[in-house]
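This briefing walks through selected helices, loop residues and backbone features of one model. Please keep the sequence and the structure at hand while reading.

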Amino acid sequence: MLLSPGLDAAFAGFIGLLVGSFLNVVIYRLPQMLERQWAAECAELSGKPAEPAEPFNLVRPGSRCRQCGHVIRWYENIPVLSWLVLRGRCASCRTPIGVRYPLVELCTAALFAFCIWRFGATWTGVAWSGFCATLLALALIDWDTTLLPDDLTLPLLWAGLIVSALRWNSLPLSQAVWGAVAGYVSLWAVYQGFKLLTGREGMGYGDFKLFAALGAWFGWEALVPIILMASVIGAVIGIAMKFASSLREGGYVPFGPFLAGAGLTALLFGPDAILRTIGL
């Protein structure tokens, strides 16, 4: 422990604010990076020369207003504080800046503080903080784009296995491995059964990988309460969106955000609490 538990948690919350600011970049840019990569690969396969493009990644170009192109200066990019000072508007054109940006930063800060408060200023606390940040990014990317990028799901899966192998948590490596296997195979079987019965795809392969990652972190026994909570909440929200006529084209509701939410709930309160919450 570096400091007292309270100071450790407070410092972790500060780091979480900075990580949350970076997560906003990941959430917005990673899907675009993947689309550009796919377009370049398609052009290469078709034999068409790829058009030169400016670098676009998580670092370049610098952050700017989507409306007027105003380059955001460092003091306009301080987590939460800058949004409050600017009153949620671009400093140049006064276009509104979504409240989700500071909310992501605050949520990340709270999750980091919780992990360090619960597990201490240890590698275990750091690992679970990374787990939370990745789930938050995946949930919002999937909600926005219906994508669960391998760039996040696969590292999350491997990280869960490595954490168990290094004994940074109480889950034996064998249970982490079988949790990953059970997570992937169970949703894959549901997908195949649904497709066989209806001729349609009910979910994407990213959901299998995310559920496998949760199995690697929590073990196979936690998968039942996690999938139950995700399914119940997903169904409730899907029905509400249908009655509100707010479903996206095709009537599709991404499942990843509910898996991620159930995973965070399992961390915060434990898998057994999920079963008690839904009355089982």
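This is a predicted model: local features need pLDDT of at least 70, side-chain atom pairs count only at pLDDT 80 or more; totals for chains, interfaces and linings use all residues.

Directly after α3 comes Gly 120, whose phi is positive at about 85°.

*Helix α3: length and burial*

- At 1.5 Å a residue, the 20 residues of α3 should span 28 Å, and because the end C-alpha atoms are 28 Å apart, the model agrees with that expectation.
- The buried residues of α3 are Pro 102, Val 104, Glu 105, Thr 108, Ala 109, Leu 111, Phe 112, Ala 113, Phe 114, Cys 115 and Ile 116, and these buried residues pack against α1, α2 (81-85), α4 and α9.

*Helix α3 against helix α9*

- The axes of α3 (residues 100-119) and α9 (residues 256-269) come within 11 Å and cross at roughly 35°, and the crossing in which α3 passes α9 is left-handed.
- On the α3 side the contact is made by Leu 111, Phe 114, Cys 115, Arg 118 and Phe 119, which meet Leu 264, Leu 267 and Leu 268 of α9.

*Leu 259 in helix α9*

- Helix α9 also holds Leu 259, which has a relative accessible area of 0% and is therefore buried.
- When neighbours within four places in sequence are left aside, the contacts of Leu 259 are Leu 187, Asp 207, Leu 210, Phe 211, Leu 214, Ile 226, Ile 227 and Ala 230.
- For one of these contacts, Ala 230, the separation from Leu 259 is 29 residues in sequence but 5.2 Å in space, taken from C-alpha to C-alpha.

*Helix α5: length, buried side and end*

- In α5 the buried residues include Leu 152, Thr 153, Leu 156, Leu 157, Gly 160, Leu 161, Val 163 and Ser 164.
- Because these residues cover an arc of only 165° around the axis, they are on the same side of α5.
- After α5 comes Arg 167, with a positive phi near 60°.

*The loop between α1 and α2*

- Pro 61 lies in the loop between α1 and α2, and the peptide bond that joins Arg 60 and Pro 61 is cis, with omega at about -5°.
- Val 80 is found in the loop between α1 and α2, and although Val 80 is not a glycine, its phi is positive, near 65°.
- With a relative accessible area of 15%, which is under the 20% cut-off, Val 80 counts as buried.

*Other loop residues*

- Arg 94, in the loop between α2 and α3, is a residue other than glycine with a positive phi, near 65°, and its relative accessible area of 37% makes Arg 94 partly exposed.
- Ser 245 is placed in the loop between α8 (223-243) and α9, and because its relative accessibility is 68%, Ser 245 counts as exposed.
- The C-alpha atoms of Ser 245 and Gly 199 are separated by 25 Å, and the two residues are 46 residues apart along the chain.

Technical notes
Residues are numbered from 1 along each chain as its sequence is written. Side-chain values use heavy atoms; hydrogens and water are left out. Buried means under 20% relative accessible area, exposed over 50%, partly exposed in between (1.4 Å probe, protein chains only). Helices (H or I, at least four residues) and strands (E, at least two) are DSSP runs, numbered from the N terminus. The arc is that of the directions from the helix axis to the C-beta atoms. Axes are lines fitted to C-alpha atoms, for helices over the stretch in contact, and angles run from 0 to 180 degrees between N-to-C directions. A crossing is left-handed if the near helix is turned anticlockwise from the far one by less than a right angle, and right-handed if clockwise. Contact means heavy atoms within 4.5 Å. The expected span of a helix is 1.5 Å times one less than its number of residues.
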